[in-house]
Amino acid sequence: MKKFDYHRPQTLKEAFRLMEKYKGRARYIAGGTDIIVRVKKGVAQPDALVSLRGINELRGVERGRGLTFGSMTLVRELESDPVFSTDFPALARAAAVLASPQIRNVATVGGNLANAAPSADCAPPLLTLEAQLTLEGPGGKREVSIDEFFQGPGRTCCDAIEIITRITVPAPANKTGMAFLKTGRVNQDIALANAAALLVMENSVCRKCRLAVGAVAPVPLRLKTVESAIEGRKIDDELLGQIGAMVEHEISPITDVRTTEDYRRVVTGVMVGRAIRQALQNVYPGGQEVFR
Amino acid sequence: MSELQFIGKNHSRPDGPDKAAGKALYIHDLVRPGMLYGKIKFSEYAHAAIKHIDTSRAEKLPGVRAVITAYNTPEIRIGFIKDNFALKKDKVRQFRDEVAAVAAVDPETAAEAVDLIEVEYEELPGVFSPDEALRADAPLIHEFDSRGRPKKDNLVPVPWNFTAGDVEKAKQLSAVVVEDDFDTPLVQQSCMGTAGCIAEFDLMNNLLIHTKTQIPFLAQNDFNAALTAMGLKGRSTRVIVPAIGGSFGSGLDTHAYEYIAILLAYTTGKPVKIVFNRHEEFTALSPRQATRTHIIQGCDANGRLTFRDVRMVLDNGAYTSWGATTPSVMMLPISSIYRVPNVFYQTTIVYTNNTYCQAMRGYGNPQAAWAIESNMDQLAEKAGIDPYEFRMINANVPNETTPMGLNITTCGFSDCLQSVARELDWREKRGKGRSRARGVGMASLFHVGGAARVYRSDGTGVIMKLDDFGNVSISSGGIEMGQGFTAALTAATAEALGVSPDRVTVITGDTAICPWDVGTHASRGAFTACNAAILAADKARQKIFELAAEHFMARVSANLERRMKKQQGFQAPNLDAVGNPTASDFDLRQNFVFLKDRPDDPLLRVPLDELLREAHYRQQGTIIVTEAFYDPCHEMLDPKTCRGNISAAYVFGVQGAEVEVDEETGKVTVLKFAAAHDVGKVLNPQTLKGQIYGAIVQGLGYALCEEYKAHRGKNLNPNFLDYKILSAPDVDFPIHVECIETDDRQGPFGAKGVGEPGLVPTAPAIANAVYDAVGVRIKSLPITPEKVLAALRERKNKIAKEAEAAKGGSNVR
């Protein structure tokens with residue numbers, strides 16, 4: 001492991017100054033559960049790590065028309081704080097199955113997104129929630145939709161110094177149901193595939209459908225074709241029966257040491273279907289209204 | 001023996017608190033004065049000629065104290081048939097081959113220096129499966145055998161074959177015959193504590209090595225041979241084993257890294273530490289062998305087994321460890337589980353350019369059980385017999401010698417079968433859950449339970465030492481590696497001697513202090529050491545009682561007199577009636593020496609420590625130290641016929657599961673798990689169940705997810721991100737464990753060995769349950785969702801095709 005300097009600035013301005021000083025040879029560290037592994041492996045060899053832990057403005061939750069929370073919010077907080085689990089159960093669920101409790105106690109939601117792993121568990125629920133990310137760099141702030149944030153494996157729309165400061169999710173509409181599902185080889189695992197669904201229902205008709213999947217494309221992926229096939233329709237068994245094939249068509253998984261392309265395709269189709277059913281049940285506890 | 005005081009009761013483990021609190025010292029924690037850090041340069045090819053090694057840049061790096069290769073150090077041959085070398089010369093045969101090593105002042109410098117070593121290779125064609133290696137034109141992995149004779153093929157010269165009865169005739173006469181192929185993958189021991197050692201020399205060139213091993217005395221032997229190879233013949237080796245974070249068989253051989261540390265220590269004159277990181281633990285240690293088994297079994301019309309024919313091919317990897325002897329253990333169930341008169345067993349062990357394999361918990365038995373127990377269910381189905389009934393019909397019985405010459409004494413097999421069937425609600429559930437994709441399945445095991453004579457001596461020694469305070473130290477050559485050895489030996493010592501367990505200190509892991517032991521393997525640790533402790537305790541009791549004959553009455557009188565002075569009105573009893581007791585009149589229990597015929601008289605007893613001091617602090621005084629060497633009454637296998645009673649006792653066990661299969665994703669979920677093991681006698685219920693729970697979880701990993709994946713000899717998942725073992729959240733179902741006590745007279749207090757068996761039948765039990773749930777049989781481990789889903793699809797297509805064919809047929813008519 002290459003030796004590196006470690007800095008823990010108190011303000012964003014100070015963090016940006018440090019990053020500029022190292023001229024691209026420094027990396028941010030949030031929880032460290034990804035970057036430290038990469039440094040130890042020698043895959044990342046920064047001259048310095050700039051910690052975001054001391055910067056208070058990256059923490060905290062504000063309720064407004066929706067919820068805005070700091071990027072340094074711990075995954076553990078997403079999992080256990082009712083502020084998240086009451087209104088955004090799919091996000092809380094994704095947090096609850098991300099890695100292990102020890103990891104969740106230090107990993108941050110901003111870090112999970114900025115690392116831009118296609119398998120990031122926080123990404124699909126935030127994609128279905130159409131989260132807005134506030135990015136900030138020396139040049140100022142900008143807002144981007146999470147849909148535009150991911151550019152490829154490990155690549156985002158942030159420049160080298162920009163960071164995610166806040167994440168905003170709109171308040172759910174009436175009759176909204178959400179779900180998150182994950183397939184791993186064991187319970188504590190990186191996702192072989194994951195899926196989130198968000199449905200807004202009106203008299204058994206789906207007014208809004210947001211579906212997102214992970215680990216089956218270069219980026220965490222919104223399934224826009226499948227969404228539009230569902231919106232405006234009654235979700236019945238016939239429609240649900242077609243979803244697997246539609247999902248399989250829209251994703252582009254790979255074979256790696258964890259599983260095969262074929263298995264990822266099949267299991268993602270199954271999970272999206274199940275996530276929709278689960279989301280429906282959350283809109284209509286008991287599910288009678290739909291499956292009558 | 002009178003009523004047991006401590007055996008069979010829960011006692012906390014003496015090693016528990018320090019381990020739980022992080023105070024125990026593992027190899028990772030140890031530092032020696034002036035210590036350097038060693039690091040190994042491994043091969044970059046699976047098979048290549050070494051053309052040139054340039055170490056000059058590494059040598060110039062500040063902080064580097066030595067750079068060694070096979071070209072500047074003496075040749076040290078290692079391994080079971082000495083086909084391996086500490087450092088490789090001329091060619092490499094696997095990715096983990098050690099081509100050079102450095103010692104430096106810190107680990108970072110050592111790692112940097114290793115990267116500066118440049119090795120020029122010429123790649124050679126490799127072979128990566130036994131099939132490839134057995135082809136007539138396959139490249140040779142070893143051009144010469146260890147005696148220097150040219151080799152013509154890639155066979156490992158360690159054949160294991162066994163024949164009993166007439167299998168061919170039995171095939172003809174059987175009512176039902178089933179044959180199939182079953183595969184197992186490489187799996188890694190996955191010890192929490194990685195491997196490592198610190199080697200150092202004193203100024204007389206004697207070697208002291210702290211190392212993670214299960215065989216301190218065989219290791220001492222190996223290291224002495226290395227000293228001879230280094231020109232240090234006659235110098236001695238002292239092996240010290242620190243706390244071990246799991247070993248599971250990985251410590252049954254000495255490893256190249258240990259010899260490299262020795263060479264570096266000798267070269268630098270400093271202690272040198274080599275500790276593997278997780279990546280090295282995966283890539284440079286030896287996993288459990290991958291096997292392919294072709295099995296044929298038959299039974300008569302009544303469901304009685306008529307024959308078993310097993311042909312097995314093992315991928316040895318590039319060199320030969322003790323792991324090449326695992327077929328001798330596979331042979332036990334193959335020849336002897338269930339009563340089967342005709343047996344044929346043949347192994348082919350093949351060199352490849354894959355990582356070389358070693359022992360792992362169960363020592364070949366899980367691979368054998370996988371084939372036998374899966375095939376048992378196939379045979380039962382074809383014979384139209386419930387698999388549980390089929391096993392009951394064929395179960396072994398007590399006091400019977402098997403065709404291999406294994407003398408089964410106690411045998412709780414049928415009780416185990418019944419326990420698991422009861423616990424799983426077998427009659428209600430078997431064959432009835434298909435509509436919900438739920439099923440139950442079971443599988444059995446047979447293993448050595450009274451040590452195993454795989455070496456010329458299977459003995460173990462203990463030294464028992466009593467001090468002035470009535471405390472007992474027992475030093476043993478056995479090793480505590482997390483399995484509860486210390487707890488078992490503590491309870492056995494306390495019980496056998498007559499002291500409380502808190503008076504007992506167990507000393508292990510130092511060849512200079514502890515008496516010889518062949519190694520902690522074959523589930524033999526508690527069985528042998530506790531038997532030795534009983535022998536040593538008997539000797540100590542005899543000596544104590546002889547001292548009592550001399551000093552007991554004097555101490556009683558003195559105590560009474562003192563009490564009369566202190567306590568007004570106290571009347572001492574008349575001791576004349578007691579007379580002059582002799583050694584045979586005494587007993588010792590709960591730290592007190594007393595008269596056998598007056599066990600309850602509080603005035604007629606003397607604390608053990610008081611008696612010991614009385615005997616010690618006088619002119620020509622004495623202290624008590626005893627020793628014992630226990631070697632079980634069993635025999636080595638005849639090398640030609642492979643017959644012989646290899647163990648003093650045998651264990652049986654049955655495990656079963658209820659599972660649910662997700663037919664859309666192929667995922668297998670365990671709903672309930674039941675295990676019943678014939679353990680002889682429970683020494684410590686908590687520790688024993690802990691052993692079995694742990695083994696079941698390890699067995700479930702083998703069943704469901706563990707696989708050391710490699711491409712052309714290179715490991716693809718050398719980390720726990722991609723090598724998946726089960727962890728606590730995966731065990732979200734009840735595990736019921738029943739211990740069947742058969743009280744074997746060879747065992748200490750009746751106990752048989754329990755360390756390994758808990759993972760032996762786990763995988764076939766799951767496979768059999770999956771078959772019951774969804775009607776597909778997975779024949780290669782692990783039973784992944786991918787395989788289950790593919791098998792379900794295949795089955796669906798087959799059914800559809802058959803339906804179509806039937807439909808087509810009716811149209812024609």
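Three strands of chain A form an open sheet in the order E1-E3-E2, and their pairing is parallel. Strands are DSSP runs of E with at least two residues, helices are DSSP runs of H or I with at least four residues, and both are numbered from the N terminus. Two strands pair if DSSP finds at least two bridges between them. This is a predicted model, in which local features need pLDDT of at least 70 and side-chain atom pairs count only at pLDDT 80 or more, while totals for chains, interfaces and linings use all residues. Residues are numbered from 1 along each chain as its sequence is written, and chains are lettered from A and ligands numbered from 1 in the order in which they are written.

**The sheet of chain A**

- The edge strands of this sheet are E1 (5-7) and E2 (26-29) of chain A, each of which pairs on one side only.
- From one strand to the next, the twist averages 25 degrees.
- Axes are lines fitted to C-alpha atoms, for helices over the stretch in contact, and angles run from 0 to 180 degrees between N-to-C directions.
- Strand E1 of chain A runs parallel to strand E3 (residues 48-51) of chain A and is joined to it by three bridges.
- A:Asp5 stands opposite A:Ala48 in E3 of chain A.
- Helix H1 of chain A packs on the sheet and touches E1, E2 and E3 of chain A. The direction of H1 makes about 170 degrees with that of E3.

**Domains of chain A**

- Chain A is assigned domain 1 (5-51), domain 2 (57-169) and domain 3 (176-291). Domain bounds come from an automatic or database domain assignment.
- The C-alpha centres of domain 1 and domain 2 of chain A lie 19 Å apart.
- Between these domains, the contact takes 11 residues from domain 1 of chain A and 15 residues from domain 2 of chain A. Two residues are in contact if their C-beta atoms, placed from the backbone, lie within 7 Å.
- On the side of domain 1 that touches domain 2, helix H1 (residues 12-21) of chain A gives the most, with four residues.
- That side of domain 1 of chain A divides into five nonpolar, four polar and two charged residues. Ala, Val, Leu, Ile, Met, Phe, Trp, Tyr, Cys and Pro count as nonpolar, Asp, Glu, Lys and Arg as charged, and the others, Gly among them, as polar.

**Contact between the chains**

- Chain A gives 15 residues to the contact, and chain B gives 15 residues.
- Helix H12 (residues 261-283) of chain A supplies the largest share of the side of chain A that touches chain B, four residues.
- The residues on that side of chain A are seven nonpolar, five polar and three charged.

**Domains of chain B**

- Chain B is assigned domain 1 (31-124 + 195-275), domain 2 (290-454 + 637-792) and domain 3 (459-630).
- The C-alpha centres of domain 1 and domain 2 of chain B lie 37 Å apart.
- In the contact between them, 16 residues of domain 1 of chain B meet 19 residues of domain 2 of chain B.
- The side of domain 1 of chain B that touches domain 2 of chain B holds six nonpolar, six polar and four charged residues.

**Buried faces in chain B**

- A residue is buried if 20 or more other C-beta atoms lie within 10 Å of its own, exposed if 12 or fewer, and partly exposed in between, with C-beta atoms placed from the backbone.
- In helix H11 (residues 387-394) of chain B, the buried residues are B:Pro387, B:Tyr388, B:Phe390, B:Arg391 and B:Asn394.
- Seen down the axis of H11 of chain B, its buried residues fall within an arc of 160 degrees, so they line one face of the helix. The arc is that of the directions from the helix axis to the C-beta atoms.
- The elements that cover the buried residues of H11 include strand E16 (305-317), helix H10 (365-383) and helix H18 (762-774) of chain B.
- Strand E21 (residues 460-466) of chain B runs antiparallel to E27 of chain B, with six bridges joining them. B:Val462 stands opposite B:Ala628 in E27.

**Backbone details**

- Most residues other than glycine have a negative phi, and most peptide bonds are trans.
- A:Lys175 has phi near 55 degrees, a positive value in a residue other than glycine. A:Lys175 lies in the loop between strand E10 (163-169) and strand E11 (176-183) of chain A, and counts as partly exposed because it has 16 C-beta neighbours inside 10 Å.
- B:Ala451 has phi near 65 degrees, also a positive value in a residue other than glycine. B:Ala451 is in the loop between E20 and E21 of chain B, and counts as buried because it has 29 C-beta neighbours inside 10 Å.
- The peptide bond from B:Leu781 to B:Pro782 is cis, with omega near -5 degrees. B:Pro782 is in the loop between H18 and helix H19 (785-812) of chain B.
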